[in-house]
Amino acid sequence: MTKHAFFRAVISFLFNLITLYSGLHQKISSTNALQIVPPSSNDDWRDLASLLVETFDEPTIITPSPSSSSTAANPLKNKLQITKWNMFEKSLTEQFAYNQYVRTARKMKGKKYAILIAKEYNPGSEENEFRAFYEVVGMAEIGLNLEPSTVVSEESDVGDATNNNIISAITTASFSALVPRATVGVLCVKSSRRKMGIGQKLLQKCEEIIVESWGEDEIVVEVEPKNRAALEFFRSSGYHYGGKADFARRVEEIDAEVRNATVRKLRTFEERPHLVLRKSVARVENDNRNSR
């Protein structure tokens, strides 16, 4: 065998080996590309906290407009903010979010409450010597929240004093009571993995748990009015404002249900107004039964 033929054989062998390796990874990736599961390790909880902080707390660099009078000051302010964030604010906020969710999960164990994470298969890269792993790219939180509901009182019997007959009378008094309602509290996807169907798969899993395990027939989500992307996402998934699916008008003009919700901002909690969207899941339940 000549030297030229030997090198061609080596190159051919390496090419076939790479093709086999690539095919194996594609097979693994195609069957287990995305898993929707509860957090099962400390690393899962850490990655979940990092995802939340990246989504809701990461500072953005504000580019000053040419007409701004503070053009000279803004770049310095932005740089100081980013430096402060990277030095200690980010790690402190991630630890706060980690403690919050781990503590809540332990407290709510055995109740109608769940945290789900979307874990995507990653075959690795040169940086980690091509060691495959699953990366947390999304999360969702569901539970039961108390909300006001009108309750009508039942039938009562009234005695007639003149002939000692018992006359049946119906009272129609109504009052407001708090009833538990299945709620999607948080749903987010890593910025680099959005518009790939991950959020939809997370929401479908949430609905499946709420319908099949909890036996609920309505799901509520609360979204800040300025979060147009989230509003459009839930609209496309069948959620609507208080019985009206009018998304053609500006959000501020829609006669919708609004209530305050507690949200985490960095390492504190605050109340913010949220639009309430609802979805009847009776149809989802029937579809699930028919597909079995």
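**Aromatic rings and nonpolar cores**

Modeller: The count comes to four aromatic pairs. Rings of Phe, Tyr and Trp (its six-membered ring) pair if their centres lie within 6.5 Å; planes under 30 degrees apart count as stacked, over 60 as edge-to-face and the rest as tilted. This is a predicted model, where local features need pLDDT of at least 70, side-chain atom pairs count only at pLDDT 80 or more, and totals for chains, interfaces and linings use all residues. Residues are numbered from 1 along each chain as its sequence is written, and side-chain values use heavy atoms, with hydrogens and water left out.

Start with phenylalanine 96 and phenylalanine 269. Their ring centres are 5.7 Å apart and their planes stand at 45°, so this pair is tilted. Phenylalanine 96 lies in helix α3 (residues 73-107) and phenylalanine 269 in strand β10 (residues 268-280), so the pair ties together parts 173 residues apart in sequence. Helices (H or I, at least four residues) and strands (E, at least two) are DSSP runs, numbered from the N terminus. Phenylalanine 96 is partly exposed at 24% relative accessibility. Phenylalanine 269 is partly exposed too, at 46%. Buried means under 20% relative accessible area, exposed over 50%, partly exposed in between (1.4 Å probe, protein chains only).

Next come tyrosine 121 and tyrosine 134. Their ring centres are 5.6 Å apart with planes at 70°, so the pair is edge-to-face. Tyrosine 121 sits in strand β2 (residues 113-122) and tyrosine 134 in strand β3 (residues 133-152), so this pair ties together parts 13 residues apart in sequence. Tyrosine 121 is buried at 11%, whereas tyrosine 134 is partly exposed at 28%.

Ring pairs also link Phe233, Phe234 and Tyr239 into a cluster.

Now the cores. A nonpolar core is a set of buried Ala, Val, Leu, Ile, Met, Phe, Trp, Tyr and Cys residues joined through side-chain atoms within 4.5 Å. The largest has 29 residues, and Phe234 and Tyr239 are among those that touch the most other members, along with Ile142, Leu202, Val221, Val223 and Leu277. Elements giving two or more residues to this core are β2, β3, β6 (174-189), α4 (198-213), β7 (218-223), α5 (228-236) and β10. The largest share, seven residues, comes from α4.

Look at valine 221. Beyond its neighbours within four places in sequence, valine 221 is in contact (heavy atoms within 4.5 Å) with Val184, Phe234, Tyr239, Leu275, Val276 and Leu277. A second, separate core of 18 residues includes Ala49, Trp85, Ile115 and Val136.
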